[in-house]
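User: Could you go through this structure with me, slowly, one topic at a time?
Analyst: Gladly; have a look at it first, and then ask whatever you like.

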Amino acid sequence: MRYKLVGSCIRNDDKIKAEVGLKLVNEDDTLYSINGKNKGVKYKTDTIGELVIIGGESGPIRASASILRDIINMLS
């Protein structure tokens with residue numbers, strides 16, 4: 001298992017729960033293989049299941065901006 005910094009945003013009806021923290025992921029999790037400056041986003045949907053996007057080396061500012069933009073888009 002590996003520790004990963006994971007942000008999550010879950011929408012249930014009219015309520016949204018967002019959090020960021022360290023999470024232990026096992027080698028079966030697609031986030032396990034992301035290393036270095038690469039980043040990944042995993043979406044779990046009720047229609048197509050799991051969708052994962054991995055890649056795009058960037059620094060912490062670009063990664064943070066990307067995550068913030070995704071959260072804003074989910075709330076819109």
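User: Which residue in β4 stands opposite Y43?
Analyst: Opposite Y43 stands L51, which belongs to β4. Please keep in mind that this is a predicted model, where local features need pLDDT of at least 70 and side-chain atom pairs count only at pLDDT 80 or more, while totals for chains, interfaces and linings use all residues. Residues are numbered from 1 along each chain as its sequence is written, and side-chain values use heavy atoms, with hydrogens and water left out.

User: ok, and in which sense do β3 and β4 pair?
Analyst: β3 and β4 (residues 50-55) pair in the antiparallel sense, over six bridges. Two strands count as paired if DSSP finds at least two bridges between them, and the strands themselves are DSSP runs (E, at least two residues), numbered from the N terminus.

User: What about G49 in that hairpin?
Analyst: The hairpin of β3 and β4 has five residues between the strands, and G49 takes a positive phi near 80° there.

User: Switching topic: how many salt bridges are there?
Analyst: The structure holds two salt bridges, the term meaning a side-chain nitrogen of Lys or Arg within 4 Å of a carboxyl oxygen of Asp or Glu. In one of them D29 pairs with K42, with the closest N and O atoms 3.1 Å apart. Because D29 lies in the loop between β2 (15-25) and β3 (39-44) while K42 is in strand β3, the pair ties together parts that are 13 residues apart in sequence.

User: Is D29 buried or exposed?
Analyst: D29 is buried, with a relative accessible area of 15%, since buried means under 20%, exposed over 50% and partly exposed in between (1.4 Å probe, protein chains only).

User: Last one: which residues form the nonpolar patch?
Analyst: M1, Y3, L5, V20, L22 and L24 form that patch on the surface, with about 760 Å² of accessible area together. A patch of this kind joins nonpolar side chains (Val, Leu, Ile, Met, Phe, Trp, Tyr) within 5 Å, using residues with over 30% relative accessible area and no salt bridge; like charges are joined within 9 Å. The areas come from the Shrake-Rupley method with a 1.4 Å probe, and for residues only the protein chains shown count as cover.

User: Which strand gives the largest share?
Analyst: β2 does, with three residues.

Notes. Helix = DSSP H or I, 4+ residues; strand = E, 2+ residues; numbered from the N terminus.
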